[in-house]
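Here are my notes on the model, as numbered points. Please read them with the structure open.

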Amino acid sequence: MADKPLRDLRLDTPEASGKAPRVEFPCDYSLKIVGDAADDFHDTVVEVVETHAPGFDRQSIRVVDSRNGKFQSVRLTITATGQPQLEALFAELKGTGRVHMVL
């Protein structure tokens with residue numbers, strides 16, 4: 001039996017072909033929003049998210065402090081309706097000046 005060359009699976013991924021993976025809307029969309037730790041950071045994030053995803057499940061909110069307590073992440077899930085909604089949400093979160101990263 002002849003040795004077959006190994007197939008490079010990276011060539012079969014959407015990223016390798018130059019196409020981003022497609023998200024089908026509407027869908028549940030998890031967010032992790034990171035900023036400087038403060039008593040009102042959670043409230044600021046929730047206020048902005050509520051503007052773009054009214055009625056999102058507040059039971060999904062998890063606030064996690066960094067190991068040294070300098071940063072805080074707010075994790076939550078929204079129902080995403082489309083790319084424009086997500087882009088507007090990300091822009092407003094960044095625009096608060098308190099958010100360092102949205103994942």
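1. Buried is used here for residues under 20% relative accessible area, exposed for those over 50%, and partly exposed for those in between, with a 1.4 Å probe and protein chains only. By that rule, 27% of the 103 residues of the protein count as buried. The accessible surface comes to about 7500 Å², of which carbon and sulfur atoms supply 52%; areas come from the Shrake-Rupley method with a 1.4 Å probe, and for residues only the protein chains shown count as cover.

2. The model is predicted, so local features need pLDDT of at least 70 and side-chain atom pairs count only at pLDDT 80 or more, while totals for chains, interfaces and linings use all residues. Residues are numbered from 1 along each chain as its sequence is written, and side-chain values use heavy atoms, with hydrogens and water left out.

3. The protein has two helices and four strands, and along the sequence they follow the pattern β-α-β-β-α-β. Helices (H or I, at least four residues) and strands (E, at least two) are DSSP runs, numbered from the N terminus. Contact means heavy atoms within 4.5 Å. Among contacts between residues at least 6 apart in sequence, 66% join residues at least 24 apart.

4. The four strands form an open sheet in the order S2-S3-S1-S4, with antiparallel pairing. Strands count as paired if DSSP finds at least two bridges between them. S2 (62-65) and S4 are the edge strands, each pairing on one side only. Neighbouring strands of the sheet are turned by 25° against each other on average, direction ignored. Axes are lines fitted to C-alpha atoms, for helices over the stretch in contact, and angles run from 0 to 180 degrees between N-to-C directions.

5. The strand pairs can be taken in turn. S1 and S3 run antiparallel and are joined by ten bridges; Asp28 has Thr79 in S3 as its bridge partner. S2 and S3, also antiparallel, are joined by four bridges, and Arg62 stands opposite Arg75 in S3. S1 and S4 pair in the antiparallel sense over three bridges, with Ile33 opposite Val102 in S4.

6. Helix H1 (residues 41-52) has twelve residues and reaches 17 Å from its first C-alpha to its last, close to the 16 Å expected at 1.5 Å a residue. The expected span is 1.5 Å times one less than the number of residues. Phe41, Val45, Val46, Val48, Val49 and His52 are the buried residues of H1. Seen down the axis of H1, these buried residues fall within an arc of 165°, so they line one face of the helix; the arc is that of the directions from the helix axis to the C-beta atoms. Glu47 and Thr51 are exposed on the other side of H1.

7. What does the buried part of H1 pack against? Its buried residues pack against strand S1 (27-36), strand S3 (71-80), helix H2 (83-95) and strand S4 (99-102).

8. Glu50, which lies in H1, counts as partly exposed because its relative accessibility is 25%. Leaving aside neighbours within four places in sequence, Glu50 is in contact with Gly55, Phe56 and Arg58. The C-alpha atoms of Glu50 and Leu89 are separated by 9.6 Å, with the two residues 39 apart along the chain.

9. H2 has 13 residues and reaches 18 Å from its first C-alpha to its last, close to the 18 Å expected at 1.5 Å a residue. Gln85, Leu86, Leu89 and Leu93 are buried in H2. Seen down the axis of H2, its buried residues fall within an arc of 95°, so they line one face of the helix. Pro84 and Gly95 are exposed on the other side of H2. The cover over the buried residues of H2 includes S1, H1, S3 and S4.

10. Most residues other than glycine have a negative phi, and most peptide bonds are trans. Phe25 and Pro26 are joined by a cis peptide bond, with omega about -10°; Pro26 is in the segment before S1. Gly69 takes a positive phi near 80° in the hairpin of S2 and S3, which has five residues between the strands. Gly97, which follows H2, also has a positive phi, near 75°.
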